[in-house]
Structure formats: C-alpha cells, structure tokens
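Please read it alongside the sequence and the coordinates.

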Amino acid sequence: MSTPAAIDREALRAKYRAERDKRLRPDGNEQYIEPTGRFAHFLEDPYVPKVEREPVHTEVTFAFIGGGFAGLVTGARLKQAGIDDVMIIEGGGDVGGAWYWNRYPGAMCDTAAMVYLPLLEETGHMPTQKYVFAPEIYGQAKRIATTFGLYDNALFSTAVTSLDWDDAAARWIISTDRGDRISAKFVGMGTGPLHRPKLPGIPGIDSFGGHCFHTSRWDYAYTGGTYEGAPMTNLADKRVGIIGTGATAVQCIPHLGRDSKELFVFQRTPSSIDVRNNHPIDPEWFATLQPGWQQEWLMNFVTLQTGGFADEDLVMDGWTDITKRIRDRMIEMFKDGTPEGLTPQQAMLQAYEDSDDEKMEEIRARVDAIVADPATAEALKPWYRQLCKRPCFHDEYLQTYNLPNVHLVDTNGKGVERIDETGVWVNGVHHELDCLVFASGFEVGTTYARRAGFETYGRDGQALGDYWAEGMRSKHGLHVHGFPNLFVVAPNQGANLISNITHNFSEAGTTIATIVSHALESGADEVEVTPAAEAAWVELLESSTRAFIGNPDCTPGYYNNEGRPVGRKERLNGSGHPEGPVAYFRYIDTWRTSGEFEGLEFRVRQQA
Ligand code: NDP
C-alpha cells in the first residue's frame with residue numbers, strides 16, 4: 001500500500017472538479033439522438049436476413065421477451081423445474097442479446113468468464129481464457145439454448161409490438177411485427193439494460209458523406225475481416241475516425257489501429273484502463289473443480305467486489321482489487337479501535353477515498369509508462385474516481401497510441417465540434433475521413449417502453465410507462481402491481497450488481513421458476529404483488545445510503561444522469577438493495593426457499 005499522504009488530496013479533488021465542470025452541459029441526456037432518418041438502418045439486423053413466415057397464433061405457459069442471458073437462464077431454470085412449454089421471442093436472428101448484436105473487433109467481456117458465463121456446470125463448458133471474447137460468449141448463449149431445448153419453440157427476427165393483459169382470460173397477449181398473436185399465462189421481459197444504440201447529437205452529423213456505422217452493428221462488409229479476429233484488410237487504404245472512448249471503443253481501437261491506414265480517435269473523456277492479465281484456463285485445474293463450484297465463485301466474486309470478506313479471492317482481478325484495498329485499509333485503521341476524531345462512517349469514507357486515489361494514481365502512472373508521447377499520455381489520463389465511469393481493463397489499448405498511424409484527437413472535454421461531408425472538426429481543425437465509427441453507447445434513462453420497443457398494458461389498460469412515470473416501482477425488481485403473471489428481469493431494484501450482470505439474471509431465473517412452479521402446482525391463475533408489499537420494497541430501496549451511482553461529483557456519464565440533477569425518479573430507476581448485492585442474494589434465496597412468497601398473492605379464479 002502506498003502512503004496516501006503522498007497524494008495531495010485537495011489538489012486532486014480540485015482537478016477532478018475542474019475536469020467534471022468542463023464536461024457538464026445543460027442538455028444532459030438530451031445531447032444524444034436516436035438513429036432515425038439516414039441512420040435508421042443502424043437498428044437493423046446485419047447478421048441474419050428476415051425470412052417471411054406465416055403469423056403464429058398459439059398459447060404457451062411461459063413466453064420470454066428477449067433471447068439474451070436473462071431469457072436463457074430463466075428458460076433454463078423453468079425447463080429444469082419441469083415447465084417445458086417455454087417460448088423465447090427475440091428481435092435478433094438468434095439468442096445472445098448483447099452478444100448477438102455486438103460483434104465489433106476485439107469484443108470481449110471485462111468480467112471473468114468463470115463468473116460471467118452462466119450455467120457453465122450445467123452446459124459442461126470450460127472457458128478457454130480468464131476473459132473470453134465475444135464469439136465464445138455468443139457460443140455459450142447458443143449452448144444454453146441447445147442444452148435446455150430453448151430453440152424448439154423460439155421466434156427469432158420477431159419484434160414485440162405490444163403486450164396486453166387480457167383480464168377475462170387471465171392471459172398476456174403478445175403482438176409482434178410478424179402479425180403473431182401469442183397468448184401466454186406468464187411473461188418474462190429481459191429486454192436489456194443497454195440495448196438501443198444512441199448517437200451523439202453533433203451538429204452536421206447527418207451531412208457526413210463517407211461510410212459510417214455504430215459499433216453494435218459492425219459493418220464487416222465494408223471493413224473486411226471477421227469478428228473472430230481476421231484483419232480488416234479493406235481499411236488498409238482508409239482514413240478512419242471513431243467517436244467515443246468508452247468500454248466498447250477501448251476494445252476495438254487496437255484492431256482499428258492495427259488495420260487502418262490512419263486512425264483518428266475523437267476523445268471527450270478518457271476511460272480508466274487497468275491491467276487485464278488474460279491467460280488460458282488450464283484444463284487440468286478446471287477438472288479438479290467440485291460440483292457447485294460456480295455458485296461458490298459467484299458469491300466469492302460479489303462478496304469481494306462489494307467490500308466483503310472471504311478467505312480467498314478466487315477471481316482476483318481489477319474488480320475485486322479496489323474493494324480489497326478499501327477493506328485492508330479499514331482493517332489497518334480500525335486495528336486499535338475507531339480512529340480518533342472520526343465516526344466509523346467517516347473512517348470508512350476516508351478508507352474508500354484513499355484507496356481510490358491510490359488506484360487512480362496507479363492507472364495514470366500506467367499511462368505514462370506505456371504511452372511514448374508525453375502530450376498524448378497526458379490527454380489519456382482519467383481525472384475522476386474509478387467507479388464514476390465503467391472501469392476498463394486492457395493490455396493493448398494504450399499501446400495503440402504508440403503506432404505512427406494512430407492519432408488521439410482530444411477535445412478537452414468538449415466533444416466533437418461538428419461533422420461535415422468529408423470529416424470531423426475539433427478545435428477548429430478538420431480531419432478528413434473515409435469512414436466514421438460511432439462508439440457512442442446505448443440509451444440509458446429513456447423510458448422502458450422506448451428502450452424495449454413496445455408498451456406493456458396491465459390490468460385496466462394501465463401502461464407500464466405511466467405506472468413508472470415517476471420512477472420504477474416493483475418488488476425485487478421482478479413484480480409490479482397491476483401487472484399479474486409478469487416478471488421484469490433486470491438488475492435494478494434487486495441486487496443491482498453492475499460488475500457481473502448475468503449473476504442478477506441467474507438469481508432472477510431461479511426465483512421465477514420457483515414462483516411459476518408453485519403457481520402451477522397450486523392451480524393459481526394469477527400471481528401478483530400486493531400494493532403494500534410493493535410499497536414496502538420501494539421504501540426499503542429508498543432508505544439506501546449507497547449512492548455512488550448518481551454521484552453529482554463524478555464526471556458526467558450514464559452512471560450519473562450525465563451530471564444533471566438526480567431526483568427521486570432517477571434514484572428509484574437505479575436503485576438496489578440498501579445493503580448491497582450480497583445481502584440481496586442471501587435475502588432472495590431465503591425468500592424463495594421459505595415457500596411463503598411473502599408479498600405475492602396467488603389467486604385461483606372462480607369458475608363461471
Ligand atoms: P459509452 O456510453 O460508455 O461510451 C460512449 C462514448 O462516446 C464515451 O466515451 C463518450 O464520451 C463518447 N461521446 C459521446 N458523445 C460524444 C461527443 N459529442 N464527442 C465525442 N465523444 C462523445 O458506450 P460503450 O458502448 O463504450 O459502452 C456502453 C456500456 O456497455 C459500458 O459502460 C459497459 O457497461 C458495456 N460494455 C461492457 C463490456 C464488457 O466487457 N462487459 C464491453 C463493452 C461495453 P464521455 O465519456 O465524455 O461521455
């Protein structure tokens with residue numbers, strides 16, 4: 001542990017504030033635009049052609065909207081519970097969700113595969129590396145679908161247009177853009193937290209005459225190469241620009257730098273780039289793991305990642321490192337009792353700040369150690385706390401700036417000035433381009449219906465969007481009053497574990513399968529959360545003092561409403577269990593295994 005005293009904390013805070021202030025803008029989230037007009041095709045599926053088919057009119061026990069990991073793990077748990085009649089409905093041409101759409105070069109997961117890839121024991125898959133690339137993740141999605149028979153009844157290239165509760169029949173009616181009408185007793189919704197691509201509302205964006213695309217629909221027909229890693233040979237004579245330096249850009253820039261004639265990276269805020277240290281998984285070691293290992297790894301990771309204690313750090317990476325540092329510092333501070341002049345809470349805050357300062361100093365020092373040009377190195381340094389933005393981990397990203405054909409165009413926090421027919425303007429300088437890649441992220445903070453692409457109408461025609469107009473209201477993030485037999489599968493209002501999204505889904509899948517089994521066994525027609533139970537859960541969420549996400553002191557981004565004021569609505573939408581993810585996972589396990597299903601009503605309808 002380096003001595004935090006060596007860091008001038010006041011000066012650092014002042015620098016953080018100055019860098020944040022440069023980036024604050026009155027339009028907040030409104031600065032982004034939807035891909036419409038000439039960009040409308042950014043939402044289309046470039047991978048699987050849409051083949052005409054007859055509309056499907058059928059009834060199922062359980063329909064799941066979305067074929068990503070949320071739908072797959074829920075489907076798997078339902079099948080394991082003996083509920084066979086499961087239908088996945090998915091807009092893409094296959095399962096995989098984010099990993100179906102995102103096929104940019106270098107795409108991989110920053111969370112270790114041993115904990116990120118769901119159902120490894122059930123599917124018998126050994127991850128090839130500590131962190132795996134997108135094709136292997138997509139492969140695991142397909143493996144889950146195959147193992148659990150989820151392809152059998154699936155509808156792909158099918159977008160849901162509306163979801164309506166038919167009270168007389170106690171069924172959900174799902175309408176789609178194929179003219180389907182599916183009647184489902186239960187519905188799950190896993191439409192993805194980061195699903196709808198957004199574009200920066202840069203003046204002149206419409207006028208660009210070169211080729212352009214969004215990272216979530218990578219155009220290999222133009223660039224050449226493949227997402228399995230073949231070089232993008234068509235870029236050898238191209239001047240390529242990329243807007244954005246978030247988690248996606250960090251992964252694809254090394255590939256663009258390698259293959260483009262010239263690469264211009266337009267940066268507004270640098271990401272923090274910690275070490276990756278990837279390595280192959282040893283099959284002999286993997287074979288020694290005992291049944292039940294994945295659950296143990298999952299709990300070990302979340303415990304250490306959120307500041308808890310464990311005898312051993314099984315994953316050992318950048319996610320667990322920061323909280324381990326905080327914890328060790330706390331132990332040191334408290335070894336002779338509470339430090340003088342500080343309340344336990346103040347001491348904890350200080351331990352956190354010291355660890356974070358130390359970590360970020362290391363991250364900035366790493367930039368200096370790798371990037372040869374001092375001015376470029378300076379511009380690549382992140383001046384904010386590590387969790388203000390999505391932390392990134394990479395061992396080739398910073399090195400890319402040492403290539404002679406790669407140019408960092410830093411906008412000093414202001415963003416790209418404007419775009420014209422032939423290129424991009426920054427600080428009064430024009431950069432001529434053949435191709436422009438938008439690594440500008442996905443909608444966050446817009447309405448659920450807009451991001452999902454359809455509205456949900458519950459009892460008495462109540463729209464979910466209206467019910468949540470002042471913020472999300474649910475029990476466990478899953479159940480919403482007035483929307484019987486519906487399960488919303490997303491991290492928020494549950495564990496809200498951001499570092500390992502699939503862990504949230506696995507738990508939700510198990511919970512849903514338990515509830516649905518109970519409903520079917522007891523002959524219940526409807527399962528619904530009571531208003532009191534929903535209100536009590538919301539009250540519990542609001543009692544939380546865990547407010548890192550939404551911190552106004554952070555540099556703007558989608559973690560903090562782009563630096564705009566965070567009100568009750570935003571807090572509710574981004575909330576999780578007040579005692580954190582570990583507490584939630586323990587709580588929900590007890591809740592569902594008790595068999596009492598506290599807060600839910602299972603209703604049997606009287607026969608007419
Ligand atoms: P982000 O929203 O994180 O990044 C968008 C980028 O575009 C930012 O760098 C942003 O700058 C920049 N930008 C926006 N407007 C302008 C402008 N006008 N001029 C210049 N730059 C601009 O999107 P990503 O696709 O990178 O990542 C989204 C999320 O997806 C991640 O946060 C992560 O949760 C997930 N992801 C996960 C991965 C994994 O390993 N599991 C890998 C990739 C993504 P600024 O920062 O200043 O706003």
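The side chain of D8 has a polar atom 3.1 Å from the backbone nitrogen of A11. A polar contact is taken here as a pair of N or O atoms within 3.5 Å; within protein, one must be able to donate a hydrogen and the other to accept it, and residues adjacent in sequence count only if both atoms are side-chain atoms. D8 lies in the segment before α1. Between D8 and A583 there are 575 residues in sequence and 36 Å in space, C-alpha to C-alpha.

The model is predicted, and local features need pLDDT of at least 70, side-chain atom pairs count only at pLDDT 80 or more, and totals for chains, interfaces and linings use all residues. Residues are numbered from 1 along each chain as its sequence is written, and side-chain values use heavy atoms, with hydrogens and water left out.

**Salt bridges**

The count of salt bridges comes to 46, where a salt bridge is a side-chain nitrogen of Lys or Arg within 4 Å of a carboxyl oxygen of Asp or Glu. One of them joins R9 and D354, with 2.3 Å between the closest N and O atoms. R9 belongs to helix α1 (residues 9-23) and D354 to helix α12 (residues 344-370), so this pair ties together parts that are 345 residues apart in sequence. Helices (H or I, at least four residues) and strands (E, at least two) are DSSP runs, numbered from the N terminus.

**Strand pairing**

Two strands pair if DSSP finds at least two bridges between them.

| Strand | Partner | Sense | Bridges |
|---|---|---|---|
| β2 (residues 57-65) | β6 (residues 181-189) | parallel | eight bridges |
| β2 | β3 (residues 86-89) | parallel | four bridges |
| β4 (residues 160-166) | β5 (residues 171-176) | antiparallel | six bridges |
| β4 | β18 (residues 455-457) | parallel | three bridges |

What does S162 stand opposite in β5? The residue there is S175. S162 also stands opposite E455 in β18. The strands β4 and β5 form a hairpin with four residues between them, and A170 in the turn has a positive phi of about 55°.

**Domain interface**

The chain is divided into domain 1 (57-196 + 444-603) and domain 2 (199-272 + 394-441); such bounds come from an automatic or database domain assignment. The centres of domain 1 and domain 2, taken over C-alpha atoms, are separated by 33 Å. Contact, meaning heavy atoms within 4.5 Å, involves 14 residues of domain 1 and 13 residues of domain 2.

The size of an interface is often given as the accessible area lost when the parts come together. Buried area is the accessible area (1.4 Å probe) that two parts lose on being put together, summed over both. For domain 1 and domain 2 the buried area is about 1,300 Å², and carbon and sulfur atoms give 54% of this.

On the side of domain 1 that touches domain 2, the elements giving two or more residues are α3 (98-101) and α6 (134-147). The largest share of that side, three residues, comes from α6. By class, the side of domain 1 that touches domain 2 has nine nonpolar, three polar and two charged residues. Here Ala, Val, Leu, Ile, Met, Phe, Trp, Tyr, Cys and Pro count as nonpolar, Asp, Glu, Lys and Arg as charged, and the others, Gly among them, as polar.
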